[in-house]
Amino acid sequence: PGLFFAAPRPPLADGDVGLPAASMSSGVGGMGIHWGTSCPRPHQSERIPFLPAEELDAALSHAEGLLGVHTPPNGGSGLLRALRDAIAGEFDGPGLTPTSYMPTATHWDGTGLRFSGTGVILGDLEATVPGFELRSETLVRRVLLEDGVAVGAELEDRRTGERSRVSARFVVVCADGLRTPQVLFASGVRPRALGHHLNEHYQMATMLTLGDEFDPAAYTVDAGSIGSVIVPFSDARPMQGGVISLAGSAYKLPGMDEAATARLGVLAWYAAKDIQFGDAVEFSETETDFYGMPKMTIHYSRTEKDLATIEQMRQNSLRSAGRIGTPLEQPELAAGGSSLHYQGTVRMGVADDGDSVCDPLLRVWGVDSLYVGGNGVIPTATAANPTLTTVALAWRAASQLASELAELREREGLLAEAPAGA
């Protein structure tokens, strides 16, 4: 369960389109409450250039294991395979990432798909790991700092209003792409890039009726036929396309067996944003939001490059629809914020030069023992759904953090065993 709300929309300056559909969720699972389990890998310039390729690939593979990511077995089958082949014939070419199937955090149990969510990912940690505690209905007010070191957090019980402090050797703030920088701002941690480089995918979704060639009634449904087709990002085509037959998906609608609805399909295209420093979530020194945290104002604009990309996305939507069926509507750009994939606001970088908030291991510049996580750390322009990359980066940083903790405990143990005066 969670509380859903949209960020307030302030008056817009000239050229500022805002993110009027920006939403956040407060509850166990956070933005994972919205998650549709899509886990594509980043391609070409979506990848983080200053991370060694082999190291990034290993982290992505580990993230796939943690999330339980699968693709349709045996190269797909039935209608899904037919759709993949048709879309590949339309969009594949030299230098372009080949059309494939969307990797998802799901598994087939013999009767249908089962989705991975927060509960699956956390498993039985709370019951089996000493010291692990998951506190629901609790708000983090700020990170506690002493002499430039993060030493804990101030918490508020949302049921009673009672505030308390928790001490910690390391603090990790992972509160989504908008509220992670909000918590840092409220804590007095305000590097130049905090909240800046805000970006999300442009999005177009189109309903269509599948053509006779793709009538679901003509195909057998099995584990290999459940899923969706993906046209991955390429530098020459900076967007990602998705094709799904609702009758052959985990999202089958009530009454789908009826002739009028059995052939429904959905096309969804995401396009990468032209990242600008001035696209940002700004925080007020004096005004507060629903939770009493610094009020947000979002600044967001479209460049000439963005407008060209959006038009290319529209044409690709029409091309893909025309190849497999008849669109029921013209492709329209979704309201800003619709993708819920907010990135860049606490982006990683290789140097503390004012252009990033944290280093490649997610350590916040200028504050010892403070880390950040979530989609906001991704520094590149992407069209791919960000969850897999976010988990890979988190695992990579957490592994280093675990090593540092082990070394500290070992040193403390040796000091405790040392004879007096040593």
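Two residues are in contact when heavy atoms lie within 4.5 Å of each other. Keep that in mind as we walk through this predicted model, where local features need pLDDT of at least 70, side-chain atom pairs count only at pLDDT 80 or more, and totals for chains, interfaces and linings use all residues. Residues are numbered from 1 along each chain as its sequence is written, and side-chain values use heavy atoms, with hydrogens and water left out.

Let's start inside, with Leu 184. Beyond its neighbours within four places in sequence, Leu 184 touches Val 173, Val 189, Leu 194, Val 357, Val 364 and Val 372. Leu 184 is also among the residues with the most contacts inside the largest nonpolar core, which has 52 residues. Such a core is a set of buried Ala, Val, Leu, Ile, Met, Phe, Trp, Tyr and Cys residues joined through side-chain atoms within 4.5 Å, where buried means under 20% relative accessible area (1.4 Å probe, protein chains only). Apart from this core lies another, of 24 residues, including Phe 91 and Met 204.

Now find the open sheet of 3 strands, ordered E6-E7-E8 with antiparallel pairing. Strands here are DSSP runs (E, at least two residues), numbered from the N terminus, and two of them pair if DSSP finds at least two bridges between them. E6 (138-146) and E8 (163-167) are the edge strands. E7 (residues 149-157) pairs with E8 over 5 bridges.

Finally, consider confidence: pLDDT, the predictor's confidence in each residue, runs from 0 to 100. The protein averages 90, but residues 1-6 stay under 50. Where pLDDT is low, the predicted coordinates should not be read in detail.

Conventions:
Helix = DSSP H or I, 4+ residues; strand = E, 2+ residues; numbered from the N terminus. Buried < 20%, exposed > 50% of the residue type's maximum accessible area, 1.4 Å probe, protein only.
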